[in-house]
There are 2 protein chains.
Amino acid sequence: MNEEHKKNDCLFYNDPESLLLESGQIINGHDIAYKTYGTLNSKKDNAILICHALSGDQYVASSHPITKKEGWWERMVGKDKPIDTSRFFVICINVLGGCMGSTGPASINPETNKVFAVNFPIITIADMVKAQVRLIDNLEIEKLVSVIGGSMGGMQALEWAASYPERLKSAIPIATSSRHTAQNIAFHELGRQAIMADVNWNSGNYKDKNTNPSKGLSIARMTAHVTYLSEASLTKKFGRKLQDKTDLGFGFDADFQIESYLRHQGHTFVDRFDANSYLYITRAMDYFDLEKTHKKSLTEIYANTNLKFLIVSFTGDWLYPTSENLMIVRALSAGGVDVSFVEIDSDKGHDAFLLDEPEFDVCLDGFLKSL
Amino acid sequence: MNEEHKKNDCLFYNDPESLLLESGQIINGHDIAYKTYGTLNSKKDNAILICHALSGDQYVASSHPITKKEGWWERMVGKDKPIDTSRFFVICINVLGGCMGSTGPASINPETNKVFAVNFPIITIADMVKAQVRLIDNLEIEKLVSVIGGSMGGMQALEWAASYPERLKSAIPIATSSRHTAQNIAFHELGRQAIMADVNWNSGNYKDKNTNPSKGLSIARMTAHVTYLSEASLTKKFGRKLQDKTDLGFGFDADFQIESYLRHQGHTFVDRFDANSYLYITRAMDYFDLEKTHKKSLTEIYANTNLKFLIVSFTGDWLYPTSENLMIVRALSAGGVDVSFVEIDSDKGHDAFLLDEPEFDVCLDGFLKSL
């Protein structure tokens with residue numbers, strides 16, 4: 001989607017400097033697409049960075065140019081909302097490797113004039129953050145009020161606080177982990193295999209061949225989506241309810257509402273997401289392991305940092321359960337770091353951080369007001 | 001695999017009678033492939049039926065003709081084992097719709113002389129059991145000592161007890177449910193979509209076209225496999241350990257052991273399982289809903305049956321958790337039925353019933369000895 005996307009309503013930063021990646025590879029110049037909300041004050045000390053999750057993008061509080069749906073966190077970001085745009089200057093950046101304007105596998109490789117595809121270098125969460133820091137530098141913002149994000153966004157917040165603690169007053173990692181578990185790697189691997197098994201993937205060169213591995217990407221999305229919901233929410237929302245019929249169809253069409261819902265989630269995703277980006281971003285998440293990257297224990301990584309943390313988990317989240325979040329809380333406490341932790345009672349699964357959870361809003365609001 | 005399989009070491013019953021299915025469709029004559037262990041006594045009152053799960057077959061206690069691996073429950077079934085073949089005559093039947101010799105979508109439709117493929121009628125758990133009853137009739141066994149099964153095998157045990165209570169002394173449904181939940185339907189739907197998305201599936205007619213949707217079936221198996229393991233067992237067994245390397249590969253090859261393990265699970269499955277059978281059997285499980293089929297509450301279904309139940313669940317099983325099994329226990333208790341329940345402490349996930357859990361062996365052994 002990258003090239004065509006440039007006409008869309010967002011800002012671009014063309015970073016001319018080469019970017020040394022964790023893999024040792026180098027990207028020679030790249031684009032960063034981002035959106036801002038609110039106004040940067042004259043002291044440039046009211047900026048908040050919101051980091052998006054795997055399937056998110058920079059349209060956090062404004063209509064999506066492709067789906068035309070409202071921003072993915074519009075309930076949280078805006079005037080008089082917890083992340084109050086009348087107080088804060090909010091920045092949201094499409095991650096490096098993404099497909100909504102930032103340089104990624106769907107971009108043209110300036111050295112070959114061809115789409116990168118799988119010749120794009122593997123990027124990590126630390127690489128994404130490194131590119132974000134360059135933009136924040138360019139905006140001449142010395143210190144962010146906070147870096148906030150859920151899921152992969154939370155990983156970025158953790159990496160910001162680990163590598164650039166002097167650039168932040170606070171970090172709010174939500175429903176996340178300091179390293180991806182085997183189960184999470186497993187679910188991502190299913191998605192990648194589904195994409196790469198699609199005959200239209202063509203070893204990643206589908207743009208050249210004018211094909212699209214939409215079936216594979218759709219299955220990857222469906223797989224992920226099941227993991228974002230709790231068993232309780234699936235039962236409450238769908239149970240065994242049938243879709244537009246009064247009895248079983250005795251066939252392989254979608255009989256159950258849950259089947260029809262998942263198929264819909266899969267189909268609509270392919271219109272707005274690039275399959276290779278999905279491979280790269282899931283890989284970045286799987287590679288995420290703060291202790292390994294920083295060659296220190298979690299406690300040592302954060303010891304003596306002055307920034308304040310708010311860690312949030314949700315009871316119904318089995319993908320990034322409270323136990324994973326508490327590992328971070330314990331390490332921060334052991335390092336003498338100022339950390340607040342809240343577990344929100346919710347049956348909405350991992351997706352809870354994106355959904356209507358008033359108790360969560362209150363916590364975020366209170367924490368930001370205390371800064 | 002069906003036609004070629006007939007040379008394999010198992011027994012066949014060619015049922016000449018037509019079989020009226022739950023869908024209203026009819027199968028005019030079908031084969032049932034099965035294995036027996038131990039000896040049927042002269043009174044024919046020492047027979048136990050073991051029902052296999054989704055990916056199982058009749059080779060419960062003897063080497064598999066394709067994989068050459070030992071039987072899938074060899075630790076439980078044999079001389080001096082809990083299901084003691086020096087006492088019991090053990091029967092294990094490949095389910096109707098299966099691919100190890102019983103009539104299924106890979107069989108030749110005698111009316112067209114072509115492979116059934118997706119023209120095979122949709123079958124249900126009740127249909128599988130109906131076909132099993134016919135074989136038990138043919139073996140002139142009036143009453144089974146027990147019907148035992150885990151997962152889909154447990155569904156069959158529940159259906160036997162619901163529809164043919166006079167034919168059983170006891171039923172042992174293990175790690176199962178009285179109806180498939182939305183989350184379970186969702187995971188099956190992912191597998192089916194992966195198979196049907198494979199270009200080699202060819203609308204089900206892959207045998208005619210000499211293709212095989214092995215990539216799709218492999219992904220379906222990988223997906224199911226993740227759900228069979230607990231997060232704890234994945235962490236313990238794999239964690240973030242790398243496969244045959246000392247550092248990340250920065251690519252899409254299998255870096256992590258969990259990836260390599262899942263790929264292996266997927267690849268080996270396609271040698272022994274038919275993709276269309278996978279569609280049909282998962283569908284049968286999704287359709288399973290005892291109360292709907294019997295148009296009664298679970299309590300009413302079993303009220304006043306004289307058979308004894310042993311229900312077993314495992315703490316680490318999130319696919320068929322204890323809560324699902326307890327629903328059955330409560331209904332049986334409310335109906336005044338003789339029911340024992342045991343929850344085995346295990347971190348092995350749903351697969352625990354197939355694995356080394358000595359406490360489980362003791363329970364099964366004790367229950368069978370009490371009969």
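## Overall dimensions

The C-alpha trace of chain A spans about 60 × 50 × 40 Å along its principal axes.

The model is predicted: local features need pLDDT of at least 70, side-chain atom pairs count only at pLDDT 80 or more, and totals for chains, interfaces and linings use all residues. Residues are numbered from 1 along each chain as its sequence is written, while chains are lettered from A and ligands numbered from 1 in the order in which they are written.

## Burial

In chain A, 54% of the 371 residues count as buried (20 or more other C-beta atoms within 10 Å of the residue's own, C-beta atoms being placed from the backbone).

## Helix pair

Chain A contains 12 helices and 12 strands (DSSP runs: H or I, at least four residues, for helices; E, at least two, for strands; numbered from the N terminus). Helix α4 (residues 182-197) of chain A packs against helix α8 (residues 275-287) of chain A at an angle of about 160°, with their axes 10 Å apart; axes are lines fitted to C-alpha atoms over the stretch in contact, and angles run from 0 to 180 degrees between N-to-C directions. α4(A) is therefore roughly antiparallel to α8(A) (angles over 145 degrees).

Note on methods. Buried ≥ 20, exposed ≤ 12 C-beta atoms within 10 Å, placed from the backbone. Parallel < 35°, antiparallel > 145°, perpendicular 65-115°, else oblique.
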